[in-house]
Amino acid sequence: MTEAGIPFVEYGGSSREFAKIEEGIRYAKANGVTMIIGAGGASVMDSAKLIVFGFYHETDLWEYLKGKSPYGLERLPLALIPTYPSSGSENGMGAVSVDSRTGDFGTAYGIPADYALLCPKYSLTLDKGMTTYTGLVTLVQLSACILGDKNKMSYDAGISYIRNVLEATRTLQQHPDDLDARGTILMGASLSTSSRLGIGKEEPFAYEIYELEFLPEVLFGSSYRRSLTSVFPRFLQAMGKHHAEEIRDYYRDAFGFDGSIEKSTQKLMKLFTELCIPMYYEGTVSREKVDAIPCQTELSKEEVFDIMQALIH
């Protein structure tokens, strides 16, 4: 860009914090920015989406995060470059923000990128643990897409993506420079938000994992990646009481687990643990704290609390 004579300013420290997004909007306006490039992980890319939209809709931006549709409204041009593949934000329409000042969060749906650049080598600086998380978060997000999908073509495609992402994750444990494996995870992440999966979903229960994963972020100060992966097996076990056939099919087709939902859940937790992903937290949780966190799910408050308790050593 510099060689082409294009002025460039950097806004560092970008995050999903609403205050930082508001600051980014003011920074973009003050510097006469005409395009935003979000290069980073989910937080950076979501932040970039909200800045390009908030550039023209700053005064009521939080209303869009709480359900008002931003689709088709004026915004700055946007390019996204994932350097931490997993969220698929570069190919999805959603952008999440958290306001720690109020303890609230929201998702604006309908802010697509104009350009998404997928380059496996941009993730080479990630260490072993972070690289593993890219694969497992992608696996969970793909799973949310196809769980309960009644369309055989999109379901079978999703199962194939999950298996390939898991194989790539295992490959990177031993060969971290394998760009083909990194590319598989990059593509899997983008496909998880592409609207090409879950075509035959009749019930969206699997997407409630995103409601549940927010709780450990608040309760334990956890990252999205750790929260999502630690909650997922417990979420499947809890949902198995309500959607037993779909959960059993998923365990069998994706991982070859043929036992009960409880035993399959134990196997999935063992798989994640063997990949050195922590599945527990230190501390305590109270019913009052759990109930105070917004969570829209068909699970009862007792079931949600049991999931949070199961996360404690």
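**View 1. Thr-132 sits in helix H4, which covers residues 128-146.** Helices here are DSSP runs of H or I with at least four residues, strands are E runs of at least two, and both are numbered from the N terminus. This is a predicted model, where local features need pLDDT of at least 70 and side-chain atom pairs count only at pLDDT 80 or more, while totals for chains, interfaces and linings use all residues. Residues are numbered from 1 along each chain as its sequence is written, and side-chain values use heavy atoms, with hydrogens and water left out. Is Thr-132 buried or exposed? At 3% relative accessibility, Thr-132 counts as buried (buried is under 20% relative accessible area, exposed over 50%, partly exposed in between, with a 1.4 Å probe and protein chains only). Leaving aside residues up to four places away in sequence, Thr-132 touches Thr-169, Gln-173, Leu-275 and Ile-277 (contact means heavy atoms within 4.5 Å).

**View 2. Three strands make an open sheet in the order S1-S2-S5, with parallel pairing.** Two strands pair if DSSP finds at least two bridges between them. S1 and S5 are the edge strands, each pairing on one side only. S1 (residues 36-40) and S2 are joined by 5 bridges, and Gly-40 stands opposite Pro-82. On the S5 side (residues 115-116) there are 2 bridges to S2: Ala-79 faces Tyr-115, and Leu-80 stands opposite Ala-116.

**View 3. Strand S2 (residues 78-82) is mostly covered, with 5 of its 5 residues buried.** In a regular strand, side chains alternate between the two faces of the sheet. For S2, one side carries Leu-78, Leu-80 and Pro-82 and the other Ala-79 and Ile-81, all of them buried.

**View 4. Helix H2 packs on the sheet, touching S1 and S2.** The direction of H2 makes about 165 degrees with that of S1 (axes are lines fitted to C-alpha atoms, for helices over the stretch in contact, and angles run from 0 to 180 degrees between N-to-C directions). Because 13 of its 16 residues are buried, H2 is largely enclosed by the rest of the structure.

**View 5. Helices H5 (residues 152-174) and H6 (residues 179-191) pack at an angle of about 145 degrees, with their axes 9 Å apart.** Among the residues making this contact are Tyr-161 and Leu-172 of H5, and Arg-182 and Ile-185 of H6.
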